Structures are given as structure tokens and as C-alpha cells.
Amino acid sequence: LYGGLDYVNKESKDIKYITYNLGLVHKSGLKVGLSVKDNEPLLSSGFKLKAKKDDIEYNFDLSSKTDFEDNNIFNIKSEIKKWFGKFNIFGLYKHEYYNKKEDFQFKVGVGVKL
């Protein structure tokens, strides 16, 4: 079971919204639920994958929220980490489609586990 809200404000891309979310996640990574944006219900669905082998960790998340008309939000996130003890080097890719607008990010960096 999951619940929460998404607050997104990307002024440079003219993407701004708040969704309130509630749903279920299966152990296979599939998720389905209900989101509400501007008092409009949206079907929320997605898939999450987490994999780890030795010192390499991979995460993938695909999600959509739609009313099958004017409100369509699609997100793709992919992350890979190579661990060196408590430190890691990571690559992150995020892509968001909000109606007919889109935004993406790509990051490379160093992380530490506290």
C-alpha cells in the first residue's frame, strides 16, 4: 500500500501540478492506484525494478497518471550505482511528459552511504 503527494514546479518548462496518490504495489514491481489532480481522478499505474549484483545496483521506475483525456503524466527514471565500500559513482536519467510538455535530467555524481 502506498500514499502521498507529488508536487512538481518546473518554471522553465511551464510544468506545475500537485497530485494526491493512493494505491497498491505488488511484490513483482507492478503498481496501480488512484491519483487526484485539480479534483479530477486519474488512473495511476507503473512498474518498478530493483536489481543488485555484487557492487552494482540498478533501479528503474516507469509510471503514468491519466484520465484518458486532458491530463496525462508519464515518468521514466533509471539509475545505476557502482559501490566502493560506503561510496558510489552513479548515473541518473529522468524524463517527464506532462500533457504536451516534457523535461529531462541526466546526472553523474558521487554518493556516500551514511
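How much accessible surface does the chain have, and what percentage of it belongs to carbon and sulfur atoms? The accessible surface comes to about 8100 Å², and 60% of it belongs to carbon and sulfur atoms, where accessible areas come from the Shrake-Rupley method with a 1.4 Å probe and, for residues, only the protein chains shown count as cover. The model is a predicted one, in which local features need pLDDT of at least 70 and side-chain atom pairs count only at pLDDT 80 or more, while totals for chains, interfaces and linings use all residues. Residues are numbered from 1 along each chain as its sequence is written, and side-chain values use heavy atoms, with hydrogens and water left out.

The chain has eight strands and zero helices, the terms being DSSP runs numbered from the N terminus (helices H or I, at least four residues; strands E, at least two). Along its principal axes the C-alpha trace spans about 45 × 35 × 20 Å. Of the 114 residues in the chain, 34% are buried, a class that means under 20% relative accessible area, with exposed set at over 50% and partly exposed in between (1.4 Å probe, protein chains only). Among contacts with a separation of 6 or more, 27% come from residues 24 or more positions apart, a contact being heavy atoms within 4.5 Å.

Strand β1 (residues 2–10) and β2 run antiparallel and are joined by nine bridges, and Tyr7 has Ile18 in β2 as its bridge partner. Four residues lie between the strands of this hairpin, where Asp14 takes a positive phi near 55°. On its other pairing, β2 is joined by six bridges to strand β3 (residues 30–37), again antiparallel, with Leu24 opposite Val32 in β3. The hairpin of β2 and β3 also has four residues between the strands, and there Gly29 takes a positive phi near 105°. Towards the other end of the sequence, twelve bridges join the antiparallel strands β7 (residues 87–98) and β8 (residues 101–112), with Ile89 partnered by Val110 in β8. Two residues separate β7 from β8 in their hairpin, and Asn99 in the turn has a positive phi of about 55°.

Within β2 (residues 15–25) lies Thr19, which counts as buried because its relative accessibility is 0%. Leaving aside neighbours within four places in sequence, Thr19 is in contact with residues including Leu5, Asp6, Val36, Leu42, Lys65 and Ile73. The side chains of Thr19 and Lys65 are joined by a polar contact of 3.4 Å, that is, a pair of N or O atoms within 3.5 Å in which, within protein, one must be able to donate a hydrogen and the other to accept it, and residues adjacent in sequence count only if both atoms are side-chain atoms.

Lys65 leads on to the charged pairs. A salt bridge is a side-chain nitrogen of Lys or Arg within 4 Å of a carboxyl oxygen of Asp or Glu, and by this rule the count comes to seven. In one of them, the side chains of Lys65 and Asp6 meet at 2.3 Å, N to O; since Lys65 lies in strand β5 and Asp6 in strand β1, the pair ties together parts 59 residues apart in sequence. Lys65 is buried, with a relative accessible area of 10%, whereas Asp6 counts as partly exposed at 28% relative accessibility.

Glu96 and Lys10 form another salt bridge (2.9 Å, N to O), and because Glu96 lies in strand β7 and Lys10 in strand β1, the pair ties together parts 86 residues apart in sequence. Glu96 is buried at 4% relative accessible area, and Lys10 is partly exposed at 22%. Lys10, Glu96 and Asp103 are linked in a network of salt bridges.

Which charged residue is buried yet has no salt bridge? Asp67 is such a case, with Lys37, the nearest side chain of opposite charge, 7.7 Å away (Lys and Arg count as positive and Asp and Glu as negative; His and the chain ends are not counted). Asp67 lies in the loop between β5 (56–66) and β6 (72–84). Its side chain reaches the backbone nitrogen of Glu69 at 2.8 Å, and a polar atom of the Asp67 side chain lies 3.0 Å from the backbone nitrogen of Asn71.

How values were computed. Pairing = 2+ DSSP bridges.
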